[in-house]
Amino acid sequence: MWSQSFLGSAPKLCLFSSSLPPFSHHKIHKFFCFAQNPSSTVSINLSKRHLNLSILTLFFNGFLLDNKAKSMEELQRYTDSNNGFTLLIPSSYTKVEKAGANALFEELNNGSNNIGVVVSPVRIKSLDQFGSPQFVADKLINAEKRKESTKEAEVVSVGERAGLGQQVYEFEYKIDSTRGGIKRVFSAAFVSSNKLYLLNVVHSDKPENPLDSSTRMSLEQVLHSFDALPLT
């Protein structure tokens, strides 16, 4: 949190001067900072060593931030032309076969982290005919609570976005289960061509190994990428 003294100070414009007195033992770089009141001028002298350290600090901070951005996992496009949907999948996930799922991807060496898509025929033409995003979220979480393995379940967020010709409902919720402990679930649903499309992105979120921000951003990209294919 910014201090009150910082917030209350007048903004300053700093100019760099490279004037070098002939008698100086080492180079001295001078910054002149002008407050909003032109009559108030402060001269700050910095040695070359201090200046170089400042530059190195800025460089490495930028380097670390850049590396953090690059640490987000590479995503690859997956398209199922037969069932009519598409989404992004992390490169570390592999496709596996499982009864009841039209597509299932598991993280390498950690199958409890997975991404699954189920497509089912329905009589409604759009998801809002079934109910609002909050109504669907309540139905979803109640279904989770009825499972014998579920110890606790709570909705974290509910949203809605425009897809390709249809509305997409998005949900985030947490589950504490006897099967795998605490998990974070990102879910998306839409109806297209009298079919219900449901995406579940499941990832471990245990207190001793919580879901990190970089992985979370990747999984949210997966969630937002889920959509129908254009009708041909």
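A residue counts as buried under 20% relative accessible area, exposed over 50% and partly exposed in between (1.4 Å probe, protein chains only). This is a predicted model, in which local features need pLDDT of at least 70 and side-chain atom pairs count only at pLDDT 80 or more, while totals for chains, interfaces and linings use all residues. Residues are numbered from 1 along each chain as its sequence is written, and side-chain values use heavy atoms, with hydrogens and water left out. The structure holds eight salt bridges, a salt bridge being a side-chain nitrogen of Lys or Arg within 4 Å of a carboxyl oxygen of Asp or Glu.

**Lys-95 and Glu-97**
- The closest N and O atoms of the salt bridge between Lys-95 and Glu-97 are 3.6 Å apart.
- Lys-95 is partly exposed at 39% relative accessible area, and Glu-97 is exposed at 72%.

**Lys-147 and Glu-144**
- Lys-147 and Glu-144 form a salt bridge through their side chains, at 3.2 Å from N to O.
- Lys-147 is partly exposed, with 44% relative accessibility, whereas Glu-144 is buried, with 11%.

- A salt bridge joins the side chains of Arg-184 and Glu-172, with 2.8 Å from N to O.
- Arg-184 lies in strand 11 (residues 181-192) and Glu-172 in strand 10 (residues 167-177), so this pair ties together parts 12 residues apart in sequence; strands are DSSP runs (E, at least two residues), numbered from the N terminus.
- Arg-184 and Glu-172 are both buried.
- A network of salt bridges links Glu-172, Arg-184, Asp-205, Arg-216 and Glu-220.

How values were computed:
Helices (H or I, at least four residues) and strands (E, at least two) are DSSP runs, numbered from the N terminus.
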